[in-house]
Amino acid sequence: MKENIWSRMLNLDRRWIFLLIGVVCTVPFFVPFGLPVLPTKNVISIFDYVETLGPENAIFVSFDFDPGTDPENMPMAVAITRHAFARNIPVFFTANAPLAQGMLEAGFTYVTNPNIAGYFHIVSWQEWAPYREQGITRRDRLQAAWEADGNVLPENASGWVFEGRDFAKLGYLPAFALVIMGMTSSIEAQYPEDMNGNPLAQMPMLQEHKNLRDVDLAATFSGSAACMWWVLYAGDTISLPIAFGVTAVSATDYTMYIQSGQLVGQMGGLRGAAEYEVLLQEAGYFEHPDRAFIGMDVQNAAHLLILFFIILGNIAYFAGGFHKKGALLKGRR
Amino acid sequence: MKRAVPLMIVLVGGILMIIQYFIPHQISQDVKDNYTIWIPIITAFALVLGVGSLTRLHGHKVRNRAPNWPYSLAVLLPLYLVPIFGLLLPASMAGGRDAPSVFHFAFMHIQVPIQSTMFSLLAFYIASAAFRAFRAKSMLATILLLTAVVVMMGQVPIGELLGSWFPRVGLWIIDFPNNAAKRAIGLGVGFGILATQLKIIFGVERNWLGGAGD
């Protein structure tokens with residue numbers, strides 16, 4: 001093959017491509033574009049559904065991913081957790097794998113980190129024991145009694161979250177598909193204690209929601225097909241509404257379950273999480289979108305660069321006449 | 001006997017669980033609940049077997065200084081040290097699972113960055129592959145190329161700026177042609193799974209026995 005500019009372009013050293021990707025993935029963090037993210041129907045439907053819930057309801061937020069897909073799945077799980085906490089909806093947190101339990105811890109720590117504006121201030125199970133002993137377990141009465149005793153919400157916090165009333169960290173159990181199946185009969189039978197060793201049976205949120213039939217939504221965040229366990233073992237068997245948060249590459253695998261009504265909606269990739277953050281901001285829950293929205297700048301730049309590479313590769317291919325010679329096609333059909 | 005007993009367990013257990021699914025009665029629920037309790041217990045034994053097998057394999061390589069034996073050491077050390085720190089040692093000895101324990105450090109500062117790095121490498125390889133492989137060589141390749149570009153640009157805000165039709169057309173491709181193909185594949189796979197499971201339950205497919213009783 002005769003060496004010319006087109007052949008040199010086609011044989012571009014891949015390290016140049018890697019370098020350019022590295023640059024476009026880094027620069028937006030320092031020079032944000034802040035392009036608007038328009039929420040799509042599949043994300044709006046989850047948001048709207050959560051909007052219909054309140055303290056008398058309960059949801060499951062299942063961290064079904066490992067650190068590999070943390071950048072995509074974590075912002076989704078964080079967004080829906082913040083939404084639920086802001087509406088005082090009790091949340092059961094689960095994980096489908098040992099590594100996923102670590103992600104649960106990391107996500108929960110992020111939502112309740114006092115160094116992050118808009119965090120939720122934890123009141124531990126032990127801290128509000130005196131109120132339980134007086135029979136004060138209803139969400140509104142509990143908060144009123146807690147604040148009447150001189151407890152003041154920190155300035156940068158969005159609200160209180162009472163362990164056992166607003167959330168229970170159930171964590172990971174082996175053979176998680178069977179755990180879901182078992183929870184359709186009894187949550188306590190599967191999890192006698194939460195991750196902190198607190199007895200689930202005494203928790204008001206469990207007394208009001210004994211099994212998955214008493215729960216109003218399960219939101220699963222996954223980088224694998226593990227999210228389907230919730231559809232198979234809870235959605236289809238006891239009609240538990242399910243919402244998915246999945247990686248962008250697997251988002252197209254599950255849209256058919258939205259069409260069939262088996263899913264409330266789906267957040268696909270970082271974009272889905274960014275859309276949810278925008279919805280939270282538009283609804284007035286938080287002043288600013290969170291990490292996913294910032295990450296969208298990187299995606300914008302990377303997608304543009306990939307589009308540029310595709311166009312460049314095709315220009316070189318046709319302008320160099322390689323489509324006629326068949327040399328590049330040899331052995332590829 | 002080595003074949004008959006496992007086959008009988010699978011036959012009875014399999015049929016029981018199929019029937020149970022269609023009977024919304026308390027007895028049926030109790031059967032299911034008992035099964036769901038048994039399985040993690042059996043899985044725990046499998047875990048012991050797996051860890052034992054892994055230890056024997058890699059221990060053998062380390063002892064014999066087989067090629068790449070340090071990698072075997074890299075498997076064995078965390079396999080035993082992390083649970084020891086996480087489950088056995090007290091917090092005063094950097095044990096336990098909460099920060100600032102060794103377990104927590106190993107997870108947050110070794111496991112998380114390693115796995116995130118591995119996954120993020122995809123961005124680099126996808127860009128390289130897009131440049132080298134996405135060529136309009138034929139009609140089908142051109143359709144694939146255009147579809148990929150439209151769906152890709154429909155997923156990011158900058159695509160909406162370039163053309164408001166990007167997200168609309170991208171969503172249409174996902175909702176209709178994509179779902180039609182996915183459903184067809186999904187149904188085929190579903191029937192395949194059903195057929196295989198029935199073959200296992202009725203003892204036609206016996207590879208899972210691993211040659212026991214031969």
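The structure is a predicted model, in which local features need pLDDT of at least 70 and side-chain atom pairs count only at pLDDT 80 or more, while totals for chains, interfaces and linings use all residues. Residues are numbered from 1 along each chain as its sequence is written, chains are lettered from A and ligands numbered from 1 in the order in which they are written, and side-chain values use heavy atoms, with hydrogens and water left out.

Figure 1. Strand 2 of chain A is mostly covered, with 5 of its 5 residues buried. Here, buried means under 20% relative accessible area, exposed means over 50%, and partly exposed lies in between (1.4 Å probe, protein chains only). Helices (H or I, at least four residues) and strands (E, at least two) are DSSP runs, numbered from the N terminus. Strand 1 and strand 2 of chain A pair in the parallel sense, over 5 bridges; two strands pair if DSSP finds at least two bridges between them. Within this pairing, A:Phe63 stands opposite A:Ala95 of strand 2.

**Figure 2. A:Thr81 in helix 4 of chain A.** A:Thr81 belongs to helix 4, which covers residues 70–86 of chain A. Its relative accessibility is 2%, so A:Thr81 counts as buried. Not counting residues up to four places away in sequence, A:Thr81 touches A:Val61, A:Phe93 and A:Val111. Contact means heavy atoms within 4.5 Å.

**Figure 3. A:Asn88 in the loop between helix 4 and strand 2 of chain A.** The phi of A:Asn88 is positive, near 60°, in a residue other than glycine. Most residues other than glycine have a negative phi. A:Asn88 counts as partly exposed because its relative accessibility is 23%.

**Figure 4. Helix 11 of chain A and what covers it.** Helix 11 spans residues 228–238, and its buried residues are A:Met228, A:Trp230, A:Val231, A:Ala234, A:Gly235 and A:Ile238. The elements of chain A that cover these buried residues include strand 1 (59–64), strand 2 (91–95), helix 8 (176–183), strand 6 (217–222), strand 7 (242–246) and helix 12 (248–259). After helix 11 comes A:Ser239, which has a positive phi near 60°.

**Figure 5. A:Trp160 in strand 4 of chain A.** Strand 4 runs over residues 157–162 and contains A:Trp160. With a relative accessibility of 3%, A:Trp160 counts as buried. Leaving aside neighbours within four places in sequence, the residues in contact with A:Trp160 include A:His121, A:Val123, A:Arg139, A:Trp146 and A:Asp166. A:Gln143 lies 17 residues from A:Trp160 along the chain, and their C-alpha atoms are separated by 7.8 Å.

Figure 6. Chain A has 15 helices and 8 strands. Its C-alpha trace spans about 90 × 45 × 30 Å along its principal axes. Of its 333 residues, 56% count as buried. Among contacts in chain A with a separation of 6 or more, 72% come from residues 24 or more positions apart.

**Figure 7. The helices of chain B.** Chain B has 7 helices and 0 strands. Its radius of gyration is 26 Å, well over the 17 Å that the globule rule gives for 214 residues, so chain B is more spread out than a compact globule. The radius is taken over C-alpha atoms, and the globule rule is 2.2 Å times the number of residues to the power 0.38. Of the 214 residues of chain B, 24% count as buried.

Figure 8. B:Arg168 is found in helix 7, residues 165–201, and is exposed, with a relative accessible area of 57%. B:Arg168 and B:Val151 are 17 residues apart in sequence and 9.3 Å apart in space, C-alpha to C-alpha. B:Ala94 is placed in the loop between helix 3 (69–88) and helix 4 (102–133). Its phi is positive, near 65°, and B:Ala94 is partly exposed, with a relative accessible area of 28%.
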